[in-house]
Amino acid sequence: MRKRAKKGLEFWMFVAPVLIPFLIFYFLPICMGLYYSLFDWNGISKGMNFIGLKNYIELFTNDKNYFESLAFTFKFALFNVVLTNVLAILMALWVNGKLKTSKFTRTCFFMPNIVCAIVAGFLWRFIFNQISDTLYKSTGLDFLGIKWLGSTDTAWVAILIVVLWQSIGYNMIIYLAGLNMIDKTFYESAAIDGAGKITKFFKITLPLMMPSITICLFNVTAQSFRLFDVNVSLTKGGPGRSTMGLAIDIYNEAFKQNRLGYGSAKAVILLIIVMTITMLQTNYTRKREVEM
Amino acid sequence: MKKRWLAAALALSMVFAGGCGSSGKEDEGSAKSDSGDQVTITYMQWQQEFSTAAIKLADAYMEEHPNVKVEVITNSDGYSENLKAALVAGNVPEIFVTEGYENMKSYEEYLTDLSEEEWTGNIKDAALQCVTLDGNIMGMPITMAGEGIIYNKKMFKEHGWEVPQTITELEELCKKIEAEGITPFNNQFADDWLLGQFMSGSGYAYIPDNAEYTKELYAGNEKLSENEQMKNSFKVLDLMLKYGQDDCMSYGWNETCTAFATGEAAMAFEGDWVWDTVYAIDPEIECGMFALPATENAEDTKMIVDANGCFHIGKGSAHPEAGLDYLNWIATSETAKQIMLEDYKVIPVFEGWEYQADNQLAVSTIEYLDAGKTFMWSWPQWPVGYQYSAGKTYQNYIDGSMSSDEALQELDDTWTKLVNAKEE
């Protein structure tokens, strides 16, 4: 009996330091957000009016901008997820080799991840606006002449570039770990059976990397919907509303237009969307994990 | 066994390490004073350009009043969020700054009525409207500021160009400037807030019986899409785009000030507040500002000038009477007046104060003020946040994704939405 109590205590000693902050800083604000979304509060006054589901009704019937933000965020998420994972797998394969440069390239690819997202946004804003312009004037290369942040067609690509630059390194490390866990004997027996490099990749590497793929897909999907730091520092949702992601739209609604209740309703909807998508996605990839 | 406890302790320490972090940019300046009946008052503002001046002002006050400690907090990023958080948490600052008009109105419950104070009689009429709420004076305006077309005086002198009074003269001027190989305008259209101000300076401010129109617009009896002057603002915008640089939507504050200060462009639509940035790039610059003309009639052309920021006394703060004393001191003391004129570089809101600082653009603003040729800003009277939405609509027009009719329609829709939201 005492042993069980001791085990219980040890369990809580390790779990509590993480569980308690999670409850206070994640779970509680979500509940408060749900609560505020039922009121019409401007974030400042001492009184709030209970309006029930009116915020949600307004959201679905009267807010064209919200659906534009939704479309933009989905489009961005799709490109981000596909490109990040494909490029991260390719880079992991590259870096996994026995070349002398492998360790160096590994560090190089991971470095952008260390830079804080807001700083990355400002850095790239400078690059896109000033550096690229100066280089274009001295070299005349068309590619450098594109004003990424100046047009509604290209601004979202600029955000994609910065986010990819930042997150590929992180996902590459996860894939690298996954790659290294694959038993070399599988490749040997495949080689004996006459399999070429491509077949080896699709029939052995990819299926055995499914756990890593699950993690990375989940990570990048959630991150794409939560896009905020880079969005704010690079484009602020502009030009016009072409890069108004869901998170920055919520921020503007709640704090710049003094509509905290309505902004909270938007945030709750975002939560539901992200939870649904990531649960569906995790379920799908979990089923395809192969254990050998 | 020991290892387990060590591991648990490390896990716990992670929580505390994770919890420590600094938030935003904060400058706290205060000087310790003698002990005694110590009263601490908090003074919150967002203007980064005033941060050293505010500390100097606070120090001067603390010298004369040794039992009061003034804590100056400057949050240039996220000021309104920090202020709201402080208010809602119950930490009402004794003195805080808002933009006046609608912005001030949203803080209604935390403002103190200052109508009984003596200095209210001494404020210029042009500055009074900003702080008036339902007939009561709820704050003290800090400075006046104007916005229009800043122009390079040296360049104008060299080529013999003259300040245009009508829109036709402006177009003629642009053609002459272009003929010399210089870009006439540098348009700072990456900034949606600037375009919101442009909406006023090129259109809304020109609407006759402006106060009445705003009231009717709020009541839903008028529509921006049916208004002459608003439709005209898109024509003015077309002119600026035609004679402006390519890809104007990648130019923000820094980019435009650089282009203007280095002589790449002759003019830009901005306010007298860009002086410090421009002067830092080129200390030899000679510049001025003229009102953006929108009509054929030189008589109509006026500069948009209004109070830029105002002090309020927080209702529900710990020591409002100390805060009030501080404000009264600013309005009446010689020392305070000198600091306001030289360090804050204010364009005076009080009768009898003379402008003293070196801002060449402010000199132009004062010329228009003295001549009585000014409009109110208008945008602080729009619903909170409307200025930014309007700016985004203008950006959509500039990008070509909307026609001027569609843009005007969107301006109306956004207005209705925000007004209805206010009334819920």
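Residues are numbered from 1 along each chain as its sequence is written, and chains are lettered from A in the order in which they are written. In this predicted model, local features need pLDDT of at least 70.

User: What length does helix α4 of chain A reach from its first C-alpha to its last?
Analyst: Helices here are DSSP runs (H or I, at least four residues), numbered from the N terminus. α4 of chain A spans residues 102–114, which makes 13 residues. The expected span is 1.5 Å times one less than the number of residues. That expectation is 18 Å, and the helix comes close to it, at 19 Å.

User: Which residues of α4(A) are buried?
Analyst: Buried means under 20% relative accessible area, exposed over 50%, and partly exposed in between (1.4 Å probe, protein chains only). The face turned away from the buried side carries exposed Lys103(A), Phe104(A) and Ile114(A). The buried residues are Ser102(A), Thr105(A) and Pro112(A).

User: Where is Lys236(A) found?
Analyst: Phi of Lys236(A) is near 55°, a positive value in a residue other than glycine. Lys236(A) is partly exposed, with a relative accessible area of 48%. Its place is the loop between α11 (229–234) and α12 of chain A.

User: What is the relative accessible area of Asp247(B)?
Analyst: Asp247(B) sits in the loop between α10 (228–242) and α11 (253–261) of chain B. Its phi is near 50°, positive in a residue other than glycine. Asp247(B) is partly exposed, and its relative accessible area is 35%.

Key:
This is a predicted model: local features need pLDDT of at least 70, side-chain atom pairs count only at pLDDT 80 or more; totals for chains, interfaces and linings use all residues. Side-chain values use heavy atoms; hydrogens and water are left out. Helices (H or I, at least four residues) and strands (E, at least two) are DSSP runs, numbered from the N terminus.
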